[in-house]
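Open the model in your viewer and keep the selection panel at hand. The tour goes stop by stop, and each stop says what to select and what is there.

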Amino acid sequence: MIRVAINGYGTIGKRVADAVSLQDDMKVIGVTKTKPDFEAKIAKKKFDLYVAKNESLELFERAGIEVSGTVEDLIKKADIVIDCSPDKVGAENKKIYEKAGARAIFQGGEKREVAEVSFNAIANYNDAIGKRFVRVVSCNTTALTRVIYHLKKNFKIGRIRATILRRVSDPKEDKKGLTNAIMPDPINLPSHHAKDVKSVLPDIDIVTTAFKLPTTLMHVHSLMIELKEKVTKEDVVSALEREPRIMLLSVEDGFTSTAKIIEYARELRMRYDLYENVLWLESIAIDGSDLFLTQAVHQEAIVVPENIDAIRAIFGIPKEMSIEKTNKTLRIGYI
Ligand code: NAD
């Protein structure tokens, strides 16, 4: 049984903790919080609660919330730490992990240099085997990598151009937003996503542009891929529909926007979490030697299965065994 510590219990941390709890070969031995807020109170009902920073001990004591210790105490009991702290904080936390001799998984908000390998289960699982520090790439990079990996595996492809329409913040945010504007992010080309995809799929030619939009539900990607052989739409559909982590949905069934996709997910899943790339069937089109497709990405959930597989990769469990188990427990591919 792999003993997992979750350092940072926010959007990603709480989801990874629940996903770990569904596995029969790993268990959550504790989670950390910085503030004694409602999230800390709920966390304590499910898991042993620790403080992420020593200075938080007093806050929790004053709030009357008993904790089991500090993050250092938690790490001592763990086989691996999943760092789900905010962007760039993971690099700071790494010092604690190094000092304790711990293994750790970081998230996409960290620079690539934080870990020995940037990880996507389908594309480069084996690169993480036996590693001590692994970084699960971001939500956008995860979705781009999955679809590009399968296209590259099945067809001869050339240059890839992708436009990323980013949700401005997660639904819970009340400190940042974009009420009535579309923001090029960044204005200069390319956006960082292309480089990040190449950290897992080094041999591809990709340029990405990105924009922030006033929505919280999902990101949307519009991709154009050069085909270097004759391929039909049916070929593309049949290559992608074999991958459980890609869900093909149709406008004909009423999926006219991200709003409808999320409404569907509300019926389907806990916390309406969609771990899959959601690809519109009608958007798959071939014009001359260019393949076009459009996909939606549930940013809060898509990296959750990748974190579970990253844990198993570090402990040397074979790729297919891990992915199959993760898919089954999270009901990926079961609609
Ligand atoms: P979040 O703000 O929802 O959660 C972060 C949690 O970490 C909060 O509970 C915060 O109190 C806590 N924290 C603050 N300082 C800490 C410290 N020093 N040590 C431990 N915990 C600390 O953030 P999130 O959206 O869950 O993002 C976490 C990571 O996952 C980031 O790297 C982010 O880029 C990445 N990520 C986020 C998304 C997304 O859409 N939310 C998607 C994929 C990847």
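Select Arg-271, in the loop between helix 10 (258-268) and strand 13 (277-280). This is a predicted model, and in it the phi of Arg-271 is near 55 degrees, a positive value in a residue other than glycine. Most residues other than glycine have a negative phi, and most peptide bonds are trans.

Next, go to the loop between strand 9 (183-184) and helix 8 (193-198), where Pro-186 is found. Is the peptide bond from Leu-189 to Pro-190 cis or trans? That bond is cis, with omega near -10 degrees. Pro-190 belongs to the loop between strand 9 and helix 8. Now select Asp-185 together with Pro-186: a cis peptide bond joins them, with omega at about 10 degrees.

Zoom out and colour the chain by domain. The domain assignment gives domain 1 (2-137 + 303-329) and domain 2 (139-297). In the contact, 26 residues come from domain 1 and 21 residues from domain 2. Taken over C-alpha atoms, the centres of domain 1 and domain 2 are separated by 26 Å.

The size of an interface is often given as the accessible area lost when the parts come together. Here the area buried between domain 1 and domain 2 is about 1,900 Å², and carbon and sulfur atoms give 52% of it. Select Arg-112, Ile-122 and Val-137: they supply 31% of the area that domain 1 buries against domain 2, more than any other three residues.

Move on to the ligand.

Show the residues around the ligand. There are 24 of them, and those that come nearest are Ile-12, Asp-87, Arg-167, Asp-170 and Lys-172. By type, the shell divides into eight nonpolar, 10 polar and six charged residues.

Now pick out single atoms. Select Asp-87, which has a polar side-chain atom 2.5 Å from an oxygen atom of the ligand. At Thr-11, turn to the backbone: an N or O atom there lies 2.9 Å from a ligand oxygen atom. Gln-299 also has a backbone N or O atom to find, 3.5 Å from an oxygen atom of the ligand.

How much of the ligand's accessible area does the protein cover? The ligand has 830 Å² on its own, and the protein covers 86% of this. Finish by selecting helix 1 (11-21) and helix 5 (89-100), the elements that give two or more residues to the shell around the ligand.

Note on methods:
Residues numbered from 1 in each chain as written. Predicted model: local features only at pLDDT ≥ 70, side-chain atom pairs only at ≥ 80, totals over all residues. Heavy atoms only, no water. Near = heavy atom within 4 Å. Polar contact = N/O pair within 3.5 Å; in protein donor to acceptor, adjacent residues only side chain to side chain. Areas by Shrake-Rupley, 256 points an atom, 1.4 Å probe, with all protein chains shown as cover. Helix = DSSP H or I, 4+ residues; strand = E, 2+ residues; numbered from the N terminus. Nonpolar A, V, L, I, M, F, W, Y, C, P; charged D, E, K, R; others polar. Domains from an automatic or database assignment. Contact = heavy atoms within 4.5 Å. Buried area = accessible area lost by both parts, 1.4 Å probe.
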